[in-house]
Amino acid sequence: MRIPRRQVSFCLSLFSLEFTYPLSSPKFLGIPNSFIRKPKVIHTLVLLLGIKHHSDSGLNQLRPIDAMGENLGTVVKDKRVDSLDFTHIHDAQEPCIWSSSEECKIDIGKQIFCNRSLNMKNIVAVGFDMDYTLAQYKPETFESLAYEGTIRKLVYDLGYSEELLNWSFDWKYMVRGLVLDKKRGNILKMDRHKYVKVAYHGFKELSKDDKVQTYGNTLVRDSFDEPDYALIDTLFSLAEAYLFAQLVDFKDNHPDKVPEDIDYARMYKDVRAAVDLCHRDGTLKQMVAKDPERYINVDTAILPMLKMLRDSGRSTFLVTNSLWDYTNVVMNFLCNSSAPDGDQKCNFDWLQYFDVVITGSAKPGFFHDDNRANLFEVEAKSGMLLNTDNGSPMPQVGMASLALSPTKLGKSCRVFQGGNVRHLHKLLSIESSSQVLYVGDHIYGDILRSKKALGWRTMLVVPELEREVELLWELRKTRKQLQQLRNERDAIEDKIHHLKWSLKFEDVEADEKDRLSSGLHQLEGDRERVRLSHQDALRECHRKFHGVWGQLMKTGYQNSRFAHQVERFACLYSSQVTNLSLYSPDKYYRPSEDFMPHEFGIIPL
């Protein structure tokens, strides 16, 4: 457990004096549950690139080396990008970044929080995921699109009742960190010890007795992992979790409309199959490509962030599971590189902000060295794939030379498809995994695998965090009152235990025994009163974060399972990837001091 010991800038404490927070900000009030606003559909990631550093020339003099140690050309050169042109961005103010002349004040919701020390001076390559990292999708449109597409696949391809076509989607209902019990049709929220604290069967809340009977009275504790459980650890999974809950209720209320051989687990399997069908036929991506602004949030700080990182001498790198055509559409929109005259034809200007782009990476398998996937180079204009030898160009059969025009790809960026992390390390000459900072949104596909398998430094993007920390700031007095109620309850229980002991073992007169019994009865009433007050206050506090599931990072007083994963695998975490632009590219991120429970009453916090 980490609690800031004192107000110091490097702790990234919620109470740090370096950060100012506008309590009157309209964002502070927000729409209820508006923190669930950036879903996830495509698993993408932006990795980092490695470079060979020559001691006599500094970080700006770098050259890539292939698997055989040969120079691959100008893949990594001077990272500085030509001056940014924001004149084509309509109705947008130039974002404040750390390197600008004006000092940026960092709102509490945009701070970067640190679990493990990270000195950015040691980082030579910074990589990014695309979907839900650089590209934040709008849940009210994008998740609804995914939900409706899945419904149609269930009805027209998998034979479900046409009544499903009349269903609607509440994009605010589900949150990340939940666990689906496929066999029982339950949705669970657990603490960091994997104890079930909140549980619903479909949309019906389970009582405490039902929770204990189902998940507590066992000789062997359940691991709550696949294949019997599904983890909702991406924003894209929220729509399928909501649809699963609807199907559970539908089966319970209308058993005659669901074949007997279709149980809860089969329904979840069908939902996953329908989602995969939506991806395979390109339905979702085609709709997004037609009108990106309808489905993707605009973030004008992306280009300044990338430029600042490259000006600092670092490489930037993108790896996504999406193929080249969709990647180019999304990145064009994000970087506002469409023609100013309104022509939406895609170009390749955005590539100047990256050294290498890998599409169709098939993460998380990409992170395994034993993955035998071939690495192809992508010809940007046609999308044609060209064979490579660990990234080195190979002459095509029947062609005198490789038909690639460097002008199409900007000054230095190369685009690939497939491959694995071994190709990446060799192509970019990564000398040490600790030199790489990887930024992603998927706790399993992006952060856990890159951290455990490779030892990269990691940063997790948690869009819900911005509203969560703002509410925490608002509710800090309420949290203090909750602690006081807990202390009062503990004190009353101690007195009850003393009286019960006296009545059981001590030889007391009848009058004294009556007096003690009367006092015991009164204390038990006081305990119940305080217990109910504490229970109601805690429930009300959690409902301010989310009406059903409560605070994202907490379950009762314990860290939630999701928060536990964030603490274990993410060196840094923040609400947006562009929050990196608010800090020095050479910043030394330091965590607050760790405290154990026995230290709370001894060491001043």
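Let's start with the pocket lining. The residues that line the second largest pocket divide into 14 nonpolar, 13 polar and 15 charged. Here Ala, Val, Leu, Ile, Met, Phe, Trp, Tyr, Cys and Pro count as nonpolar, Asp, Glu, Lys and Arg as charged, and the others, Gly among them, as polar.

Some ground rules. This is a predicted model, where local features need pLDDT of at least 70, side-chain atom pairs count only at pLDDT 80 or more, and totals for chains, interfaces and linings use all residues. Residues are numbered from 1 along each chain as its sequence is written, and side-chain values use heavy atoms, with hydrogens and water left out.

Back to the pocket. Its volume is about 1,400 Å³. On a 1 Å grid over the protein atoms alone, a pocket is an open set of points where a 1.4 Å probe fits, with protein on both sides within 12 Å along at least five of seven lines; lining residues have an atom within 4 Å of a point. Points are joined across faces, edges and corners, and the volume is the space filled by probe spheres set on them.

The largest share, seven residues, comes from α14. Helices (H or I, at least four residues) and strands (E, at least two) are DSSP runs, numbered from the N terminus.

Now follow β9 into its sheet. Five strands form an open sheet in the order β10-β9-β8-β7-β11, with antiparallel pairing. β10 (204-205) and β11 (229-232) are at the edges with a single partner strand each, so one side of each has no neighbour in the sheet. Two strands pair if DSSP finds at least two bridges between them. β8 (residues 186-190) and β9 have five. Leu-188 has Ala-199 in β9 as its bridge partner.

Next, a hairpin. β14 and β15 form one, with six residues between them. Gly-383 in the turn has a positive phi of about 80°. Val-378 stands opposite Leu-385 in β15.

Last, confidence. pLDDT is the predictor's confidence in each residue, from 0 to 100. The protein's mean is 79, and 77% of its residues reach 70 or more. Over residues 337-343 the pLDDT is below 50.

Technical notes: Contact = heavy atoms within 4.5 Å.
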